[in-house]
Amino acid sequence: MPRASASDAAATARRILGVAGAHFAEHGYAAASVDDIAGAAGVTRGAVYHHYSSKPLLFAAVAAAQQELVADAIMSATADSTPDAALRDGSHAFLDAITHGAAARVLLVDGPAVLSWEDWRRFDAEGAAVTLHEGLAEAGVAPALRDALAAALSGAMNELALWLSERPTDADARAQAHDALDQLLDAVVPRRS
């Protein structure tokens, strides 16, 4: 039997990752089944373990992919922003991106428990936290305050995201969350007239 090409193997790994993301989001990590993921991806359980050697490593790959999607949404939202607007635009993009699809369940609910607190914090530090620090710098926040303000804003935005994820179809809650985020950002970097 001929071996799969590198591009076929990469396509299989991506397919497994996509199916696993949807499965973890729908069922949660604890109830997720590698057998069910394999079946939905149209591969064997062995193929899943060939690409991702364990369920925790598969989940970590899903979390990394979700972090990239959130970071991409932030970068897209801030691409044409002025330095004054980048922090606000990026923060609102984060709130929307992390409450869309698998991100909230994977990154905020299961992520800290499955990945360990340290790994989850590392993922955050390598993803959205980087753009948050950059946004604070561009907005003129003093270097001595950036780490503390980034931690405070990140925690507040994560809590808003969890709150919103419990109300996925509530347009009023989404508007309230964005209004609350604006008030927090106004306290950190007042809007210029």
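**Notes on the cavity and the aromatic rings**

1. Asparagine 158 is found in helix α9, which covers residues 143-165. The model is a predicted one, and the values below should be read accordingly. The relative accessible area of asparagine 158 is 10%, under the 20% limit, so this residue counts as buried.

2. The surroundings of asparagine 158 deserve attention. Apart from neighbours within four places in sequence, asparagine 158 is in contact with Phe94, Leu108 and Trp120. Phe94, Leu108, Trp120 and Asn158 are also among the residues that line the largest cavity.

3. The structure holds 1 cavity of 30 Å³ or more. The volume of the largest cavity is about 50 Å³. Its lining consists of Gln67, Phe94, Ile98, Leu107, Leu108, Trp120, Asp124, Ala128 and Asn158.

4. Which helices each supply at least two residues of the lining of the largest cavity? They are α5 (83-98), α6 (103-115) and α7 (117-126). By class, 6 residues of this lining are nonpolar, 2 are polar and 1 is charged.

5. The second topic is the aromatic rings. A search of the whole structure finds 3 aromatic pairs. In one of them, phenylalanine 24 and tyrosine 29, the ring centres are 5.8 Å apart and the planes stand at 25°; planes under 30 degrees apart count as stacked, and so this pair is stacked.

6. Are the two partners of this pair buried or exposed? Phenylalanine 24 has a relative accessible area of 1% and is buried. Tyrosine 29, at 16% relative accessibility, also counts as buried.

7. Phenylalanine 24 has a further aromatic partner in phenylalanine 59. The centres of these two rings are 5.2 Å apart, with 75° between the planes, and the pair is edge-to-face. Phenylalanine 24 belongs to helix α1 (residues 6-27) and phenylalanine 59 to helix α4 (residues 55-78), so the pair ties together parts that lie 35 residues apart in sequence. Both phenylalanine 24 and phenylalanine 59 are buried.

8. Taken together, Phe24, Tyr29 and Phe59 form one aromatic cluster. A charged side chain should be noted here as well: lysine 55 lies over the face of tyrosine 29, at 4.4 Å from the ring centre. Tyrosine 29 is thus to be described with both its stacked partner, phenylalanine 24, and lysine 55 over its ring.

Definitions and conventions: Residues are numbered from 1 along each chain as its sequence is written. This is a predicted model: local features need pLDDT of at least 70, side-chain atom pairs count only at pLDDT 80 or more; totals for chains, interfaces and linings use all residues. Side-chain values use heavy atoms; hydrogens and water are left out. Rings of Phe, Tyr and Trp (its six-membered ring) pair if their centres lie within 6.5 Å; planes under 30 degrees apart count as stacked, over 60 as edge-to-face and the rest as tilted. Buried means under 20% relative accessible area, exposed over 50%, partly exposed in between (1.4 Å probe, protein chains only). Helices (H or I, at least four residues) and strands (E, at least two) are DSSP runs, numbered from the N terminus. A charge sits over a ring if NZ of Lys or CZ of Arg is within 6 Å of the ring centre and within 35 degrees of the ring normal. On a 1 Å grid over the protein atoms alone, a cavity is a set of points where a 1.4 Å probe fits but cannot get out, and a pocket is an open set with protein on both sides within 12 Å along at least five of seven lines; lining residues have an atom within 4 Å of a point. Grid points are joined across faces, edges and corners, and a volume is the space filled by probe spheres set on the points. Ala, Val, Leu, Ile, Met, Phe, Trp, Tyr, Cys and Pro count as nonpolar, Asp, Glu, Lys and Arg as charged, and the others, Gly among them, as polar. Contact means heavy atoms within 4.5 Å.
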